[in-house]
Amino acid sequence: MSSHSPIVVPEGFTLHKENSAYILLPSDNGAFLNTVQEFNRDLSIACIRAWSERNNRDKQAKFLQRQTQLDAKNATRKTKKRKTDGVLVHMDDESTGAQESVGVDPASLDKVKGPDTEYRTHKITILEPLSATGLRSIRYANEIPLVKHVIANDISLDAIAAMQRNVDINGLAPPGHSQSASEQPNPIKDPGDSAGPSAEPRKPTVTVNEGDATALMYSQRTAKTNVDVVDLDPYGTAAPFIDGAVQCVVDNGLLCITCTDLAVLAGNNYPEKCFANYGGMPLKAEYCHEAALRLVLHSVATAAARYGRSITPLLSLSIDFYVRIFVQVRAAPIEVKKLACNTAVYYVCTSCQAWHEQPLGKAIEKANESSGNVNRVYKTTVGPPTAQECEECASKYHVAGPMWSGPLHDREFVKEVLDLVNANPTSFGTTPRMQGMLTVASEELDVPFYFTPAKVAGFFQCNCPSLQDISSALLNAGHSVSRSHAAAGSIKTTASQRDIHDVFRSWIKLHPVKMSNIKEELQADFTRHPKTLTSSVKLVRYQQNPTPHWGPGTRAGGSKRKRSKEGKEESQE
Ligand SMILES: [Zn+2]
(Lines give C-alpha, C1' and ligand atoms only; values in the text may rest on other atoms or scores of the structure.)
Protein backbone atom coordinates (compact mmCIF):
# COMPACT_ATOMS: atom_id res chain seq x y z
CA MET A 1 0.00 0.00 0.00
CA SER A 2 2.76 2.48 0.87
CA SER A 3 5.30 3.71 -1.62
CA HIS A 4 8.29 3.81 0.72
CA SER A 5 11.56 1.96 0.17
CA PRO A 6 11.79 -1.84 0.66
CA ILE A 7 11.66 -2.98 4.28
CA VAL A 8 14.98 -3.94 5.84
CA VAL A 9 14.38 -6.61 8.47
CA PRO A 10 16.82 -6.13 11.37
CA GLU A 11 18.67 -9.18 12.67
CA GLY A 12 16.71 -11.10 15.29
CA PHE A 13 13.33 -10.02 13.90
CA THR A 14 10.75 -11.63 11.66
CA LEU A 15 8.48 -9.64 9.37
CA HIS A 16 4.75 -10.31 9.69
CA LYS A 17 1.97 -8.86 7.59
CA GLU A 18 -1.66 -8.30 8.49
CA ASN A 19 -3.74 -6.75 5.74
CA SER A 20 -2.03 -3.41 4.96
CA ALA A 21 0.39 -3.41 7.91
CA TYR A 22 3.89 -4.78 8.35
CA ILE A 23 5.01 -5.74 11.84
CA LEU A 24 8.46 -6.75 13.11
CA LEU A 25 8.41 -9.28 15.92
CA PRO A 26 11.43 -10.75 17.74
CA SER A 27 12.25 -14.14 16.18
CA ASP A 28 13.79 -15.71 19.29
CA ASN A 29 11.01 -15.84 21.90
CA GLY A 30 8.30 -17.41 19.78
CA ALA A 31 6.29 -14.20 19.52
CA PHE A 32 3.34 -14.55 17.19
CA LEU A 33 0.87 -12.27 15.56
CA ASN A 34 -2.43 -12.98 17.25
CA THR A 35 -4.57 -13.78 14.24
CA VAL A 36 -7.66 -14.31 16.38
CA GLN A 37 -7.52 -10.60 17.21
CA GLU A 38 -7.48 -9.82 13.50
CA PHE A 39 -11.28 -10.03 13.62
CA ASN A 40 -11.35 -7.36 16.35
CA ARG A 41 -9.08 -5.11 14.28
CA ASP A 42 -11.05 -5.66 11.05
CA LEU A 43 -14.32 -4.96 12.82
CA SER A 44 -12.89 -1.84 14.45
CA ILE A 45 -11.69 -0.51 11.10
CA ALA A 46 -15.11 -1.07 9.56
CA CYS A 47 -16.87 0.59 12.53
CA ILE A 48 -14.54 3.60 12.80
CA ARG A 49 -14.70 4.06 9.05
CA ALA A 50 -18.50 3.94 8.99
CA TRP A 51 -18.62 6.26 11.98
CA SER A 52 -16.15 8.76 10.46
CA GLU A 53 -18.25 8.90 7.30
CA ARG A 54 -21.46 9.41 9.27
CA ASN A 55 -19.72 12.02 11.44
CA ASN A 56 -18.53 13.83 8.33
CA ARG A 57 -22.03 13.79 6.82
CA ASP A 58 -23.46 15.25 10.06
CA LYS A 59 -20.83 17.99 10.12
CA GLN A 60 -21.47 18.83 6.50
CA ALA A 61 -25.23 19.02 7.08
CA LYS A 62 -24.66 21.36 10.05
CA PHE A 63 -22.29 23.47 7.98
CA LEU A 64 -24.82 23.83 5.17
CA GLN A 65 -27.54 24.69 7.67
CA ARG A 66 -25.32 27.40 9.13
CA GLN A 67 -24.59 28.73 5.67
CA THR A 68 -28.30 28.90 4.90
CA GLN A 69 -28.90 30.82 8.12
CA LEU A 70 -26.06 33.22 7.30
CA ASP A 71 -27.45 33.70 3.82
CA ALA A 72 -30.82 34.54 5.32
CA LYS A 73 -29.16 36.99 7.70
CA ASN A 74 -27.29 38.54 4.79
CA ALA A 75 -30.50 38.96 2.86
CA THR A 76 -32.10 40.70 5.84
CA ARG A 77 -29.10 43.01 6.26
CA LYS A 78 -29.11 43.88 2.59
CA THR A 79 -32.80 44.54 2.69
CA LYS A 80 -32.35 46.96 5.56
CA LYS A 81 -29.43 48.66 3.85
CA ARG A 82 -31.28 49.01 0.59
CA LYS A 83 -34.37 50.27 2.27
CA THR A 84 -32.40 53.00 3.98
CA ASP A 85 -30.66 53.82 0.70
CA GLY A 86 -33.97 53.83 -1.08
CA VAL A 87 -32.60 51.50 -3.77
CA LEU A 88 -35.15 48.76 -3.54
CA VAL A 89 -38.70 48.80 -2.35
CA HIS A 90 -40.09 45.34 -3.19
CA MET A 91 -37.95 43.18 -0.94
CA ASP A 92 -40.87 41.02 0.19
CA ASP A 93 -41.61 40.23 -3.45
CA GLU A 94 -40.97 36.65 -4.64
CA SER A 95 -38.64 37.96 -7.33
CA THR A 96 -36.09 39.44 -4.92
CA GLY A 97 -33.83 36.47 -5.46
CA ALA A 98 -33.22 37.59 -9.02
CA GLN A 99 -32.68 41.18 -7.99
CA GLU A 100 -30.27 40.27 -5.17
CA SER A 101 -27.21 40.62 -7.32
CA VAL A 102 -28.00 44.19 -8.27
CA GLY A 103 -25.42 46.46 -6.73
CA VAL A 104 -24.14 43.82 -4.28
CA ASP A 105 -20.42 43.44 -3.87
CA PRO A 106 -19.74 39.66 -3.65
CA ALA A 107 -16.71 40.35 -1.43
CA SER A 108 -18.89 41.91 1.26
CA LEU A 109 -21.10 38.83 1.17
CA ASP A 110 -18.08 36.63 1.84
CA LYS A 111 -17.09 38.75 4.77
CA VAL A 112 -20.42 38.22 6.43
CA LYS A 113 -20.31 34.53 5.59
CA GLY A 114 -16.80 34.19 6.97
CA PRO A 115 -13.81 32.66 5.19
CA ASP A 116 -15.20 29.06 5.15
CA THR A 117 -17.65 29.27 2.28
CA GLU A 118 -16.89 25.71 1.25
CA TYR A 119 -17.18 22.67 3.47
CA ARG A 120 -13.89 21.00 4.25
CA THR A 121 -14.01 17.25 4.87
CA HIS A 122 -13.52 16.46 8.53
CA LYS A 123 -10.59 14.12 9.06
CA ILE A 124 -10.32 12.41 12.41
CA THR A 125 -7.67 11.92 15.09
CA ILE A 126 -7.58 8.55 16.86
CA LEU A 127 -5.93 7.91 20.21
CA GLU A 128 -4.83 4.39 21.11
CA PRO A 129 -3.63 4.69 24.71
CA LEU A 130 -2.50 1.01 25.08
CA SER A 131 -0.92 0.34 21.74
CA ALA A 132 1.70 -2.42 22.47
CA THR A 133 3.04 -3.12 18.94
CA GLY A 134 1.29 -0.30 17.12
CA LEU A 135 -0.33 -2.76 14.69
CA ARG A 136 -3.85 -1.45 15.30
CA SER A 137 -2.79 2.21 14.94
CA ILE A 138 -0.88 1.43 11.73
CA ARG A 139 -3.86 -0.30 10.21
CA TYR A 140 -6.15 2.59 11.20
CA ALA A 141 -3.84 5.09 9.47
CA ASN A 142 -3.58 2.90 6.36
CA GLU A 143 -7.14 1.67 6.02
CA ILE A 144 -9.55 4.38 7.24
CA PRO A 145 -9.76 7.05 4.52
CA LEU A 146 -10.90 9.90 6.79
CA VAL A 147 -8.02 9.52 9.29
CA LYS A 148 -5.67 12.46 9.70
CA HIS A 149 -3.59 11.34 12.64
CA VAL A 150 -3.23 8.44 15.07
CA ILE A 151 -1.56 8.70 18.47
CA ALA A 152 -0.15 5.33 19.58
CA ASN A 153 0.81 5.32 23.25
CA ASP A 154 2.37 2.81 25.62
CA ILE A 155 4.11 2.99 28.96
CA SER A 156 6.67 0.27 28.29
CA LEU A 157 9.99 1.29 26.75
CA ASP A 158 10.20 -2.05 24.92
CA ALA A 159 6.76 -1.43 23.43
CA ILE A 160 7.80 2.10 22.39
CA ALA A 161 10.85 0.76 20.58
CA ALA A 162 8.73 -1.85 18.81
CA MET A 163 6.04 0.67 17.87
CA GLN A 164 8.59 3.13 16.51
CA ARG A 165 10.19 0.39 14.39
CA ASN A 166 6.81 -0.69 13.07
CA VAL A 167 5.57 2.83 12.35
CA ASP A 168 8.83 3.56 10.50
CA ILE A 169 8.73 0.46 8.29
CA ASN A 170 5.17 1.35 7.32
CA GLY A 171 6.24 4.89 6.38
CA LEU A 172 3.74 6.53 8.72
CA ALA A 173 5.98 8.61 11.01
CA PRO A 174 5.21 12.35 10.93
CA PRO A 175 7.94 14.33 9.16
CA GLY A 176 10.98 14.61 11.46
CA HIS A 177 9.68 12.04 13.94
CA SER A 178 10.98 8.82 12.48
CA GLN A 179 13.73 8.08 15.02
CA SER A 180 12.97 8.76 18.65
CA ALA A 181 9.72 9.40 20.42
CA SER A 182 11.28 10.69 23.62
CA GLU A 183 10.85 14.38 22.88
CA GLN A 184 7.12 14.30 22.30
CA PRO A 185 5.35 17.22 23.96
CA ASN A 186 2.47 16.40 26.23
CA PRO A 187 -0.37 16.88 25.38
CA ILE A 188 0.38 15.76 21.87
CA LYS A 189 0.15 18.40 19.22
CA ASP A 190 -1.64 17.40 16.09
CA PRO A 191 0.91 17.62 13.26
CA GLY A 192 -1.90 18.78 10.99
CA ASP A 193 -2.26 21.97 13.03
CA SER A 194 0.78 23.58 11.47
CA ALA A 195 -0.61 23.17 7.97
CA GLY A 196 -2.22 26.28 6.55
CA PRO A 197 -5.80 26.18 5.30
CA SER A 198 -4.62 25.86 1.72
CA ALA A 199 -2.13 23.03 2.38
CA GLU A 200 -2.33 19.83 0.34
CA PRO A 201 -4.22 16.97 2.01
CA ARG A 202 -1.68 15.18 4.15
CA LYS A 203 -0.97 11.50 4.32
CA PRO A 204 -2.15 10.15 7.67
CA THR A 205 0.56 9.84 10.31
CA VAL A 206 1.11 7.81 13.47
CA THR A 207 2.79 9.53 16.41
CA VAL A 208 4.39 7.23 18.97
CA ASN A 209 4.11 8.44 22.55
CA GLU A 210 5.67 7.03 25.68
CA GLY A 211 3.56 7.66 28.72
CA ASP A 212 0.95 6.59 31.22
CA ALA A 213 -2.33 5.98 29.39
CA THR A 214 -4.56 7.77 31.91
CA ALA A 215 -2.20 10.74 32.31
CA LEU A 216 -2.17 11.12 28.53
CA MET A 217 -5.98 10.98 28.30
CA TYR A 218 -6.37 13.55 31.11
CA SER A 219 -3.93 15.84 29.27
CA GLN A 220 -6.19 15.63 26.17
CA ARG A 221 -9.36 16.77 27.95
CA THR A 222 -9.61 20.33 26.66
CA ALA A 223 -11.58 21.28 23.56
CA LYS A 224 -8.29 21.99 21.79
CA THR A 225 -6.75 18.59 22.54
CA ASN A 226 -9.85 16.35 22.39
CA VAL A 227 -9.60 13.46 19.95
CA ASP A 228 -12.37 12.15 17.70
CA VAL A 229 -11.90 8.49 18.61
CA VAL A 230 -10.39 6.71 21.62
CA ASP A 231 -9.67 3.00 21.29
CA LEU A 232 -9.01 1.10 24.51
CA ASP A 233 -7.75 -2.38 23.81
CA PRO A 234 -6.13 -3.55 27.05
CA TYR A 235 -5.05 -6.94 28.21
CA GLY A 236 -7.79 -7.65 30.79
CA THR A 237 -10.13 -4.94 32.00
CA ALA A 238 -10.51 -1.45 30.55
CA ALA A 239 -12.01 -0.22 33.85
CA PRO A 240 -9.08 1.97 35.03
CA PHE A 241 -9.03 3.82 31.70
CA ILE A 242 -12.72 4.59 31.26
CA ASP A 243 -12.84 7.83 33.28
CA GLY A 244 -10.08 9.39 31.18
CA ALA A 245 -11.49 8.05 27.91
CA VAL A 246 -14.99 9.52 28.34
CA GLN A 247 -13.41 12.95 28.85
CA CYS A 248 -10.74 13.13 26.17
CA VAL A 249 -13.09 12.20 23.34
CA VAL A 250 -14.64 15.14 21.49
CA ASP A 251 -18.37 15.95 21.77
CA ASN A 252 -20.14 13.33 19.60
CA GLY A 253 -16.88 11.36 19.50
CA LEU A 254 -16.49 7.61 19.37
CA LEU A 255 -15.25 5.35 22.13
CA CYS A 256 -14.16 1.78 21.31
CA ILE A 257 -13.56 -0.47 24.30
CA THR A 258 -12.38 -4.07 24.65
CA CYS A 259 -12.51 -6.00 27.93
CA THR A 260 -11.02 -9.49 28.01
CA ASP A 261 -11.73 -10.28 31.68
CA LEU A 262 -14.81 -12.39 31.00
CA ALA A 263 -14.06 -14.62 33.99
CA VAL A 264 -14.96 -11.52 36.02
CA LEU A 265 -17.71 -10.08 33.81
CA ALA A 266 -19.49 -13.31 32.87
CA GLY A 267 -18.51 -15.76 35.59
CA ASN A 268 -19.73 -16.27 39.12
CA ASN A 269 -16.36 -16.67 40.85
CA TYR A 270 -15.40 -12.99 41.21
CA PRO A 271 -18.57 -10.94 41.84
CA GLU A 272 -16.63 -8.66 44.21
CA LYS A 273 -14.10 -7.86 41.50
CA CYS A 274 -16.84 -7.27 38.94
CA PHE A 275 -18.48 -4.78 41.28
CA ALA A 276 -15.16 -3.07 42.00
CA ASN A 277 -14.32 -2.71 38.31
CA TYR A 278 -17.73 -2.07 36.76
CA GLY A 279 -20.09 -1.05 39.58
CA GLY A 280 -22.43 -4.01 39.08
CA MET A 281 -22.77 -7.69 39.96
CA PRO A 282 -22.46 -10.37 37.25
CA LEU A 283 -25.16 -12.98 36.74
CA LYS A 284 -25.16 -16.73 36.58
CA ALA A 285 -27.20 -17.81 33.57
CA GLU A 286 -26.63 -18.78 29.97
CA TYR A 287 -27.14 -15.12 28.98
CA CYS A 288 -24.16 -14.00 31.10
CA HIS A 289 -22.29 -12.77 28.01
CA GLU A 290 -24.98 -10.23 27.24
CA ALA A 291 -24.89 -9.20 30.90
CA ALA A 292 -21.13 -8.67 30.49
CA LEU A 293 -21.82 -6.16 27.70
CA ARG A 294 -24.43 -4.42 29.83
CA LEU A 295 -22.05 -4.20 32.80
CA VAL A 296 -19.33 -2.56 30.71
CA LEU A 297 -21.88 -0.15 29.18
CA HIS A 298 -23.10 0.70 32.70
CA SER A 299 -19.57 1.52 33.75
CA VAL A 300 -19.00 3.76 30.70
CA ALA A 301 -22.42 5.45 30.98
CA THR A 302 -22.00 6.34 34.67
CA ALA A 303 -18.42 7.59 34.12
CA ALA A 304 -19.59 9.82 31.24
CA ALA A 305 -22.60 11.06 33.24
CA ARG A 306 -20.30 12.63 35.85
CA TYR A 307 -19.14 15.06 33.17
CA GLY A 308 -22.60 15.79 31.75
CA ARG A 309 -22.04 13.35 28.90
CA SER A 310 -24.44 10.76 27.59
CA ILE A 311 -23.62 7.58 25.69
CA THR A 312 -25.34 5.94 22.73
CA PRO A 313 -24.24 2.33 22.16
CA LEU A 314 -23.66 1.91 18.40
CA LEU A 315 -22.56 -1.74 18.46
CA SER A 316 -21.93 -4.03 21.45
CA LEU A 317 -20.53 -7.48 20.75
CA SER A 318 -19.57 -10.48 22.80
CA ILE A 319 -16.82 -12.18 20.78
CA ASP A 320 -14.80 -15.31 21.63
CA PHE A 321 -13.11 -14.46 24.93
CA TYR A 322 -13.79 -10.72 25.10
CA VAL A 323 -16.41 -7.99 24.74
CA ARG A 324 -16.09 -5.10 22.33
CA ILE A 325 -18.27 -1.99 22.46
CA PHE A 326 -18.55 1.08 20.23
CA VAL A 327 -20.33 4.02 21.86
CA GLN A 328 -20.88 7.61 20.86
CA VAL A 329 -20.28 10.14 23.65
CA ARG A 330 -22.27 13.35 23.60
CA ALA A 331 -22.29 16.41 25.85
CA ALA A 332 -25.98 16.26 26.70
CA PRO A 333 -26.91 16.98 30.34
CA ILE A 334 -30.61 16.51 29.55
CA GLU A 335 -29.95 13.01 28.19
CA VAL A 336 -27.84 12.22 31.27
CA LYS A 337 -31.00 12.65 33.36
CA LYS A 338 -32.44 9.57 31.66
CA LEU A 339 -29.56 7.31 32.72
CA ALA A 340 -31.33 5.84 35.76
CA CYS A 341 -34.21 4.86 33.44
CA ASN A 342 -31.72 2.95 31.26
CA THR A 343 -30.21 1.20 34.27
CA ALA A 344 -31.67 -1.83 36.01
CA VAL A 345 -31.09 -4.51 38.59
CA TYR A 346 -32.13 -8.03 37.57
CA TYR A 347 -33.51 -10.85 39.69
CA VAL A 348 -32.26 -14.07 38.15
CA CYS A 349 -33.43 -17.59 39.01
CA THR A 350 -30.30 -19.68 39.01
CA SER A 351 -32.32 -22.84 38.42
CA CYS A 352 -34.68 -22.17 35.49
CA GLN A 353 -32.96 -18.88 34.45
CA ALA A 354 -36.16 -16.83 34.62
CA TRP A 355 -35.43 -13.15 35.21
CA HIS A 356 -37.19 -9.96 36.23
CA GLU A 357 -36.09 -6.42 35.56
CA GLN A 358 -36.08 -3.75 38.25
CA PRO A 359 -35.41 -0.36 36.59
CA LEU A 360 -33.66 2.11 38.91
CA GLY A 361 -35.50 5.18 37.69
CA LYS A 362 -38.54 6.27 35.76
CA ALA A 363 -39.51 9.45 33.91
CA ILE A 364 -42.94 10.98 34.23
CA GLU A 365 -43.91 13.35 31.45
CA LYS A 366 -46.30 16.21 32.12
CA ALA A 367 -47.50 18.49 29.36
CA ASN A 368 -47.81 22.13 30.29
CA GLU A 369 -51.25 23.06 29.00
CA SER A 370 -50.54 26.74 28.39
CA SER A 371 -47.10 26.46 26.77
CA GLY A 372 -47.47 23.02 25.23
CA ASN A 373 -44.00 22.07 26.54
CA VAL A 374 -43.50 18.65 28.03
CA ASN A 375 -41.82 18.59 31.43
CA ARG A 376 -40.07 15.43 32.45
CA VAL A 377 -39.83 14.57 36.13
CA TYR A 378 -37.57 11.77 37.33
CA LYS A 379 -38.56 9.42 40.13
CA THR A 380 -37.41 6.30 41.87
CA THR A 381 -39.27 3.09 41.05
CA VAL A 382 -41.24 0.76 43.27
CA GLY A 383 -40.31 -2.87 43.64
CA PRO A 384 -39.42 -5.63 43.83
CA PRO A 385 -41.06 -6.79 40.59
CA THR A 386 -41.37 -10.37 41.77
CA ALA A 387 -41.91 -12.56 44.81
CA GLN A 388 -38.87 -13.81 46.65
CA GLU A 389 -39.11 -17.26 45.08
CA CYS A 390 -39.25 -18.04 41.39
CA GLU A 391 -42.83 -18.34 40.15
CA GLU A 392 -41.70 -20.94 37.63
CA CYS A 393 -39.69 -23.29 39.81
CA ALA A 394 -39.74 -21.96 43.41
CA SER A 395 -35.96 -21.53 43.50
CA LYS A 396 -34.29 -18.42 44.96
CA TYR A 397 -33.57 -15.32 42.89
CA HIS A 398 -30.11 -13.78 42.83
CA VAL A 399 -29.49 -10.08 42.30
CA ALA A 400 -27.43 -8.93 39.31
CA GLY A 401 -26.43 -5.43 38.21
CA PRO A 402 -27.06 -2.57 38.24
CA MET A 403 -26.32 -2.65 34.54
CA TRP A 404 -27.28 -0.89 31.30
CA SER A 405 -30.82 -1.91 30.28
CA GLY A 406 -31.13 0.23 27.12
CA PRO A 407 -30.45 -0.83 23.52
CA LEU A 408 -27.12 -2.56 22.77
CA HIS A 409 -26.90 -1.34 19.20
CA ASP A 410 -27.94 1.52 16.94
CA ARG A 411 -29.55 -0.55 14.19
CA GLU A 412 -28.99 2.12 11.53
CA PHE A 413 -25.31 2.25 12.37
CA VAL A 414 -24.93 -1.55 12.28
CA LYS A 415 -26.51 -1.55 8.82
CA GLU A 416 -24.08 1.17 7.69
CA VAL A 417 -21.14 -0.95 8.86
CA LEU A 418 -22.60 -4.03 7.17
CA ASP A 419 -23.11 -2.11 3.92
CA LEU A 420 -19.52 -0.93 4.10
CA VAL A 421 -18.22 -4.49 4.58
CA ASN A 422 -20.46 -5.82 1.79
CA ALA A 423 -19.19 -3.09 -0.53
CA ASN A 424 -15.53 -3.80 0.33
CA PRO A 425 -15.35 -7.57 0.86
CA THR A 426 -11.68 -7.83 -0.11
CA SER A 427 -10.61 -5.11 2.33
CA PHE A 428 -10.70 -7.43 5.33
CA GLY A 429 -9.25 -10.82 6.20
CA THR A 430 -12.31 -11.84 8.20
CA THR A 431 -15.14 -10.60 5.95
CA PRO A 432 -17.46 -13.68 6.20
CA ARG A 433 -17.46 -13.59 9.98
CA MET A 434 -18.01 -9.83 10.05
CA GLN A 435 -20.96 -10.20 7.68
CA GLY A 436 -22.42 -12.98 9.83
CA MET A 437 -22.06 -11.22 13.15
CA LEU A 438 -23.21 -7.81 11.89
CA THR A 439 -26.24 -9.40 10.22
CA VAL A 440 -27.31 -11.06 13.47
CA ALA A 441 -26.64 -7.86 15.47
CA SER A 442 -28.66 -5.76 13.02
CA GLU A 443 -31.66 -8.07 13.49
CA GLU A 444 -31.49 -8.39 17.29
CA LEU A 445 -34.57 -7.40 19.27
CA ASP A 446 -34.07 -4.54 21.75
CA VAL A 447 -34.91 -6.69 24.77
CA PRO A 448 -32.59 -7.99 27.45
CA PHE A 449 -31.18 -11.51 27.30
CA TYR A 450 -31.89 -14.69 25.40
CA PHE A 451 -32.35 -18.42 25.87
CA THR A 452 -31.38 -21.54 23.99
CA PRO A 453 -33.94 -24.34 23.50
CA ALA A 454 -31.29 -26.82 24.68
CA LYS A 455 -30.97 -25.15 28.07
CA VAL A 456 -34.71 -24.91 28.68
CA ALA A 457 -35.22 -28.50 27.44
CA GLY A 458 -32.57 -29.53 29.95
CA PHE A 459 -34.55 -27.82 32.70
CA PHE A 460 -37.72 -29.67 31.63
CA GLN A 461 -35.77 -32.87 30.95
CA CYS A 462 -37.51 -33.19 27.60
CA ASN A 463 -36.38 -33.75 24.03
CA CYS A 464 -34.87 -30.56 22.65
CA PRO A 465 -37.16 -28.89 20.13
CA SER A 466 -35.50 -27.21 17.17
CA LEU A 467 -34.97 -23.48 16.78
CA GLN A 468 -37.72 -23.54 14.13
CA ASP A 469 -40.16 -25.29 16.46
CA ILE A 470 -39.71 -22.85 19.33
CA SER A 471 -39.51 -19.69 17.26
CA SER A 472 -42.61 -20.73 15.27
CA ALA A 473 -44.58 -21.41 18.45
CA LEU A 474 -43.60 -18.01 19.89
CA LEU A 475 -44.41 -16.21 16.62
CA ASN A 476 -47.73 -18.05 16.29
CA ALA A 477 -48.59 -16.84 19.79
CA GLY A 478 -47.96 -13.24 18.69
CA HIS A 479 -44.49 -12.67 20.16
CA SER A 480 -41.43 -11.36 18.31
CA VAL A 481 -38.23 -13.38 18.03
CA SER A 482 -34.66 -12.87 16.85
CA ARG A 483 -31.31 -14.49 17.37
CA SER A 484 -28.63 -13.13 19.68
CA HIS A 485 -25.09 -12.72 18.32
CA ALA A 486 -23.77 -13.76 21.74
CA ALA A 487 -24.66 -17.47 21.56
CA ALA A 488 -25.22 -19.95 18.76
CA GLY A 489 -28.78 -21.32 18.64
CA SER A 490 -30.10 -18.58 20.93
CA ILE A 491 -33.44 -16.78 20.82
CA LYS A 492 -34.27 -13.28 22.00
CA THR A 493 -37.98 -12.75 22.43
CA THR A 494 -40.60 -10.32 23.69
CA ALA A 495 -42.31 -13.28 25.39
CA SER A 496 -42.06 -13.67 29.17
CA GLN A 497 -40.37 -16.62 30.81
CA ARG A 498 -43.84 -17.97 31.60
CA ASP A 499 -44.75 -17.80 27.88
CA ILE A 500 -41.54 -19.63 26.96
CA HIS A 501 -42.21 -22.31 29.54
CA ASP A 502 -45.79 -22.66 28.27
CA VAL A 503 -44.40 -23.39 24.82
CA PHE A 504 -42.17 -26.09 26.29
CA ARG A 505 -45.06 -27.57 28.29
CA SER A 506 -47.01 -27.82 25.03
CA TRP A 507 -44.01 -29.36 23.33
CA ILE A 508 -43.82 -32.00 26.02
CA LYS A 509 -47.50 -32.87 25.51
CA LEU A 510 -46.70 -33.61 21.87
CA HIS A 511 -43.37 -35.26 22.70
CA PRO A 512 -44.05 -36.79 26.09
CA VAL A 513 -41.18 -37.54 28.40
CA LYS A 514 -42.27 -37.21 31.99
CA MET A 515 -45.89 -36.20 32.30
CA SER A 516 -45.94 -35.99 36.08
CA ASN A 517 -45.01 -32.30 36.32
CA ILE A 518 -46.96 -31.02 33.35
CA LYS A 519 -49.68 -28.45 34.05
CA GLU A 520 -52.76 -27.96 31.88
CA GLU A 521 -52.02 -24.92 29.75
CA LEU A 522 -52.99 -23.44 26.40
CA GLN A 523 -51.72 -25.62 23.58
CA ALA A 524 -48.98 -23.82 21.65
CA ASP A 525 -49.10 -23.98 17.87
CA PHE A 526 -45.93 -25.49 16.36
CA THR A 527 -47.00 -24.95 12.74
CA ARG A 528 -44.05 -23.52 10.80
CA HIS A 529 -44.31 -19.74 10.88
CA PRO A 530 -43.06 -17.84 7.79
CA LYS A 531 -40.68 -15.76 9.97
CA THR A 532 -39.30 -18.76 11.83
CA LEU A 533 -35.60 -18.79 12.73
CA THR A 534 -33.88 -21.41 10.62
CA SER A 535 -30.89 -23.43 11.67
CA SER A 536 -29.44 -23.69 8.17
CA VAL A 537 -26.53 -21.31 8.66
CA LYS A 538 -25.37 -19.76 5.42
CA LEU A 539 -23.46 -16.99 7.12
CA VAL A 540 -20.66 -17.47 9.60
CA ARG A 541 -22.82 -16.17 12.41
CA TYR A 542 -20.89 -17.62 15.28
CA GLN A 543 -17.30 -18.48 16.03
CA GLN A 544 -15.84 -21.51 14.36
CA ASN A 545 -13.73 -24.13 16.08
CA PRO A 546 -10.89 -22.50 17.99
CA THR A 547 -7.83 -21.82 15.86
CA PRO A 548 -4.22 -21.90 17.12
CA HIS A 549 -3.51 -19.17 19.71
CA TRP A 550 -7.20 -18.99 20.58
CA GLY A 551 -7.64 -17.39 23.99
CA PRO A 552 -6.74 -14.17 25.72
CA GLY A 553 -3.00 -14.91 25.73
CA THR A 554 -0.91 -16.39 28.47
CA ARG A 555 1.34 -14.93 31.09
CA ALA A 556 4.97 -15.38 30.22
CA GLY A 557 6.79 -17.15 33.05
CA GLY A 558 6.81 -15.91 36.63
CA SER A 559 7.20 -12.15 36.33
CA LYS A 560 4.63 -9.39 35.94
CA ARG A 561 5.22 -9.46 32.22
CA LYS A 562 2.29 -10.37 30.08
CA ARG A 563 1.85 -11.39 26.53
CA SER A 564 -0.14 -8.80 24.69
CA LYS A 565 -2.75 -9.66 22.14
CA GLU A 566 -0.41 -8.82 19.32
CA GLY A 567 2.01 -11.35 20.74
CA LYS A 568 4.60 -9.03 22.12
CA GLU A 569 5.75 -9.27 25.72
CA GLU A 570 4.98 -6.14 27.64
CA SER A 571 4.67 -4.95 31.18
CA GLN A 572 1.45 -3.36 32.29
CA GLU A 573 0.17 -2.08 35.64
ZN1 LIG B 1 -36.92 -20.57 38.34
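What percentage of contacts in the protein chain between residues at least 6 apart in sequence join residues at least 24 apart? With contact taken as heavy atoms within 4.5 Å, the value is 69%. The structure is a predicted model, in which local features need pLDDT of at least 70 and side-chain atom pairs count only at pLDDT 80 or more, whereas totals for chains, interfaces and linings use all residues. Residues are numbered from 1 along each chain as its sequence is written, and side-chain values use heavy atoms, with hydrogens and water left out.

The protein chain contains 16 helices and 18 strands (DSSP runs, H or I of at least four residues and E of at least two, numbered from the N terminus). Of its 573 residues, 51% are buried (under 20% relative accessible area, 1.4 Å probe, protein chains only).

The zinc ion is coordinated at 2.3 Å by the SG atoms of C349, C352, C390 and C393; donors are N, O and S atoms within 2.8 Å of the metal. Along the chain, these donors follow the spacing C-x2-C-x37-C-x2-C. The arrangement is tetrahedral because the four donor atoms subtend angles of 96 to 118 degrees, the criterion being that all angles lie between 85 and 135 degrees. C349 is buried, at a relative accessible area of 0%, and C352 is likewise buried, at 4%.

Helix α5 comprises residues 157-169. Its buried residues include A159, I160, M163 and V167, and their cover includes β1 (13-18), β2 (21-26), α4 (135-143), β4 (147-154) and β5 (205-210). Just after α5, G171 adopts a positive phi of about 65 degrees.

Note on methods:
Buried means under 20% relative accessible area, exposed over 50%, partly exposed in between (1.4 Å probe, protein chains only). Donors are N, O and S atoms within 2.8 Å of the metal (3.2 Å for Na, K and Ca); water is not among the atoms, so sites may look incomplete. Four donors count as tetrahedral if all angles lie between 85 and 135 degrees; four count as square planar and six as octahedral if opposite donors are over 155 degrees apart and all others between 65 and 115; anything else is irregular. The expected span of a helix is 1.5 Å times one less than its number of residues.
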